[in-house]
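Welcome, and please take a moment to look over the chain before reading on.

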Amino acid sequence: MSTSDRAPTRAWLGLAVLTLPLVMAATDMSVLFLALPSIAGDLSPGSTQMLWILHVGAFLAVGFALTMGRVAGRIGPRRLLTVGLVVYGAGSLAAAFSPSPEVLIAMRALLGSAEATIMPATMMLLRPMFPNPRQFAIAIAVVMSSFSAGMALGPPLGGILLEHFWWGAVFLVNVPVAVVVLLALPVLPSPPAEAAGRVDPLSVLLSLAAIIAVIFGLQEIADIQASGADTARWPYVLTVVAGIVLGAVFVRRQLRLEDPLLDLRLFRTPGFGVALLAMMLMLLGIGGADMLLAQFLQSVRDFSPAQAGGLLLIPALMSIVGGMLGPALTRWTRPAYVMSGGLVLAAIGALVIALLADGAPTPVLVAAATLIAFSLGPLFTLGYNVIVGAVPERHSGSAAALGDVSGGLGNALSLAFLGSLGAFIYRWGLERSAPRDVTDSAVGDAGDSIGGAVTVADGLPPAVGQELLTVARESFTTGMQAGYAFGAVLLVAVAVLVATRLRAIGLDGDRETPGHEEQAPANAPANAPATP
């Protein structure tokens, strides 16, 4: 590494500042689950309102990602981050003192919109701060690890706050963090904004509607499947289809605009589309399986929510270690081989759970989950390095936004598919092996969820109830094993994809003609060929 491109001390201080908003946003996401019972007791929201309180922020954070990626280039990433932090701090303050469910939902929507500014602005600021590819990879590893750290910090922090204060404290704690970051922003560079241009409002609406429709529809289908509720699924299937159609209209419009919201030439960059696909498929394979494991520890192994959370904190912490280790390993081999090797190790961990979950001691299963989280860390950090680092610097915000969208879609697909798979296997096993003394209606109630089986078993004679509960636990375990088996197969497929399609992408400037699109005129149409 030459002295000329080595990042100065100020850049590392700026990196420390940029980790704080990500920790704040990630903690806010994970802490809300603990606060929901207190919110329900105080504000008395309906079941639908509870779902919107929980999910509306995530919907809008992903939905506005593409827009904020474009806005970051228009007004400058530091200015966008400033606006986002001000809105986030003010929204957190208002959310803490919400007098009604409607106000809290509105504030959660505001927080999600503000959160959409963080990743595009952060990645756009990192590029000029760390011009050396290896240091840039380390910076991305720190940023992604800070997000993982926030997710791991959320449950214990929320437990402490809720034990001593009211539920609003989980929002109020964001305010001083936002203030500290705002005061420290002068340490960050201020890249010049692009020439003034119009952000196409129709493109914004199309992208927002398409992303939210797909993710909302998939998540509702997953919730219905997980709960076993007798609710029609076709409206949500139509919602997903409508989102796909709107997405196609959005893409068509971008190809026709001279100044598109999303420059589709980014997908010509070597490795860019493959890295996005790999991240989405990886989350498809393992996101929903992790949800099943959390339920398994509580419903099958009889751990309390706090105990299960403590056990799952170990994989969360090790994912940080794995993410930080990724750039270091690229000193000896290509990033593609580090990522694909991690995917294979994660597949082995998933296979262990798939084969041994019905009889292995809990520490063995937690160790397998830890191996999965640790081994997938490099794909997050190095994958984002390919996504953001391989495109022209002025497109860093849009590239990071696409990474957010890819991750959101992968998680939603995983929850919908693996949730449906697990619920189907659970009900099938329960109906096939339920005790003869249990009525069909009781079996139907028990088939709604593993929690429903516990309720039904409590109302039966002890011996029959215990037999039903045993069958329910075995069926749920089989469903979880099927989910992890699917994940293992998909992770191996992604490993092959990464090893073969990203092997020419490196961290030391040996990307295949990186940034060649930069030679295209700034006002060229999105579908115009890049200048050779």
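Helices (H or I, at least four residues) and strands (E, at least two) are taken here as DSSP runs, numbered from the N terminus. With that in hand, find threonine 67, which sits in helix H3. The model you are viewing is a predicted one, where local features need pLDDT of at least 70 and side-chain atom pairs count only at pLDDT 80 or more, while totals for chains, interfaces and linings use all residues. Residues are numbered from 1 along each chain as its sequence is written, and side-chain values use heavy atoms, with hydrogens and water left out.

Is threonine 67 buried or exposed? Buried means under 20% relative accessible area, exposed means over 50%, and partly exposed lies in between (1.4 Å probe, protein chains only). Threonine 67 has a relative accessible area of 7%, so it is buried. Contact means heavy atoms within 4.5 Å. Leaving aside residues up to four places away in sequence, threonine 67 touches Val204, Ser207 and Leu261.

Now let us follow H3 to its partner. Two packed helices are described by the angle between their axes and the distance between the axes. Axes are lines fitted to C-alpha atoms, for helices over the stretch in contact, and angles run from 0 to 180 degrees between N-to-C directions. Helix H3 (residues 65-75) packs with H4 at an angle of about 120°, and their axes are 6 Å apart. That angle makes H3 oblique to H4; angles under 35 degrees count as roughly parallel, over 145 as roughly antiparallel, 65 to 115 as roughly perpendicular and the rest as oblique. From H3, the contact draws on Met68, Val71, Ala72 and Ile75, and from H4 on Pro77, Arg79 and Leu80. These residues divide into six nonpolar, no polar and one charged. Here Ala, Val, Leu, Ile, Met, Phe, Trp, Tyr, Cys and Pro count as nonpolar, Asp, Glu, Lys and Arg as charged, and the others, Gly among them, as polar.

H4 (residues 77-96) also meets H9 (residues 174-184): their axes come within 8 Å and cross at roughly 160°. H4 is therefore roughly antiparallel to H9. On the H4 side, Thr82, Leu85, Val86, Tyr88, Gly89, Ser92 and Leu93 meet Asn174, Val175, Ala178, Val181 and Leu182 of H9. Eight of the residues in this contact are nonpolar, four are polar and none is charged.

Next comes the interior. A nonpolar core is a set of buried Ala, Val, Leu, Ile, Met, Phe, Trp, Tyr and Cys residues joined through side-chain atoms within 4.5 Å. The largest one has 151 residues, and those touching the most other members are Met123, Leu126, Phe171, Ile286, Leu343, Ile353 and Tyr484. Helix H12 (residues 272-299) gives the largest share of this core, 15 residues.

Past H12, in the loop between H12 and helix H13 (305-329), lies aspartate 302. Aspartate 302 has a positive phi of about 65° although it is not a glycine. Its relative accessibility is 51%, so aspartate 302 counts as exposed.

Finally, step back to the whole chain. It holds 19 helices and zero strands, and 54% of its 532 residues count as buried. Among contacts between residues at least 6 apart in sequence, 82% join residues at least 24 apart.
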